[in-house]
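Please look at the rings in this protein chain. Some questions and answers come after it.

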Amino acid sequence: MSGLRKMTAAEIAAAEAFGASAEDWAQIAVSDDFVASQLQACRLEGRVEIGSGVRIIRSRVKNYRLGAGTLVEGVTALECRHKSAFGNGVGVATMNECGGRTVKIFDTMSAQVAYLMAVYRHRPQLIDTLERMIDAHAATRTSTLGRTGRNCCLTGARFIREVNIDDEVEIDGASALENGTVCAGAHIGVDVKAYDFIVAENSTISNGSILERCFVGESCTIDKGFTAAESLFFANSHCENGEAASIFAGPYTVSHHKSSLLIAGMFSFFNAGSGSNQSNHLFKSGAVHQAVHLRGCKFASSAYIMSPALEGAFTMVMGHHSYHHDTRDFPYSYLIEKEGRSHLMPGANLNSYGAVRDIEKWPARDRRKIRRDVIDFEEYNPYIMGAMLRAVDTLHTLQEQDPDAPIYLYRKVSIRALDLQRGLKLYNKAIVAALGAMLNKGKEPKTDGRGRWLDIAGQYIAKCTVDAIVKAVEQGSLTTPEAIDARFRAFDAHYDDYARSWALEAYEAILGHPPTAAEVAEAIEAGRNAHAALRRTTDADRDRDCSPDMAVSYGLDCDTEEETRNDYHTVRGIKH
């Protein structure tokens, strides 16, 4: 902090008159405009640097730089007791409780870099290189002095130890914060305890929540006594009341209920119903198992999954499942329990208005300002359509093996013949809609997005591009996390072009020859029609949920059906 000076003898005497004391006044540096009344009933220890307008009231401060305009009031201890990297470089045993996927966290970590560290364990050179990058980053953050940024407000807290605090941060009533970083605009509230942590920009941790070895990404909310250990939460996640242990919570992971328990899994765009339990209950070899719930999965109330397990994107899970299913190639499905077994209804969620509502609400609820995590919201994309194409092939293969079977078995789930037929129709309609939508976007003909696509913690991206990024890291041409992020962003900037390239290849495979301009135009029009047909189905689902049959319990004191209907429409926000 530049422009500081030592206090004069008169200023020291005046400060002592206000009840301030210091271990050594010679170690206290102040701004040129300092006045003694800025220090009241406080204790300063070690080296303390006091920026312009800083106020320290009824607090003990040790080895800290306090940015201009910061208030420290009623804090038992704001101290840096030893050299620290302030949470940077802490290892978090995400996804796997035994630490096989440990991610070293840092204060500018993106979901994409974290995904590479957690998932790409088959590339040890990549992991070693990434960890060395993070260690180097942590070294730049290491100091014997903690700091606050400008205009911070630290009030009513007990112990804040080895915590770096960026601009415009509010810490109000926290119980214990130790070895961490709180990034700009974040809020830490009453009774929070956090150890070995990083809280990214504009996030809120409040109301008795407890974090231990956790990363909380941009604009997240951890509230109402939620407890988490060894976990990563990325942009716009919102968790209350429940518990998480060793989870990779990608963007928009949501758990609101007291009884939710999420252990050793990967989630994104996820919603946990009341009583949800995703557990690792096979301990023959220790807590080594994990589960992955791909983008958009939902758990109904009391849903239970025993690891290991894997569900396709946008799967609705109901009931108990302990046979270790793998439905990754069946997006938009229902996974239900029936007579103690797991039954799959392929593509059934394509009929649900709930899935449409989710897809539409996520971009509207994006609270980020930094946007470090790359997030794609496109409903129709190569990743989901690729899974649908594989689903159609698989369903046809099952059917051909035994055309008269009433039930088919596939990767620990049962599929009724009737559900198989419905799934084929729904997937084929959605494939037409997705193909038309992607062909109707993008312009750059030289962009190559062919081949398999991945969902990297919220970003749809061609696998060949990810492989190129991984190789560049291993070979040393990408040397910082920021450079890696730039490569992911470069792809995202031309997403529509890459997606159209993929769609053209897929359409060529369907036709058996390169599509003509007329055939592309026909596919786009067919896509519009298929999308409209799907929307008619989901709109009908919404209308059923808003029908007069659902007005039971409304209009309790009404005398006429019209009054009851008006109460129902008003409360539900239904136009009439």
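Predicted model: local features only at pLDDT ≥ 70, side-chain atom pairs only at ≥ 80, totals over all residues.

Residues are numbered from 1 along each chain as its sequence is written, and side-chain values use heavy atoms, with hydrogens and water left out.

Q: How many aromatic pairs does a search of the whole structure find?
A: Rings of Phe, Tyr and Trp (its six-membered ring) pair if their centres lie within 6.5 Å. By this rule, the number of aromatic pairs in the whole structure is 19.

Q: Are the planes of Phe234 and Phe248 stacked, edge-to-face or tilted?
A: Planes under 30 degrees apart count as stacked, over 60 as edge-to-face and the rest as tilted. The ring centres of Phe234 and Phe248 are 5.2 Å apart and their planes are at 35 degrees, so this pair is tilted.

Q: Are Phe267 and Phe270 buried or exposed?
A: Phe267 and Phe270 form a tilted aromatic pair, with 4.7 Å centre to centre and 55 degrees between the planes. Buried means under 20% relative accessible area, exposed over 50% and partly exposed in between (1.4 Å probe, protein chains only). Phe267 and Phe270 are both buried.

Q: Which residue lies over the face of Tyr323?
A: A charge sits over a ring if NZ of Lys or CZ of Arg is within 6 Å of the ring centre and within 35 degrees of the ring normal. At 3.9 Å from the ring centre of Tyr323 lies Arg341.
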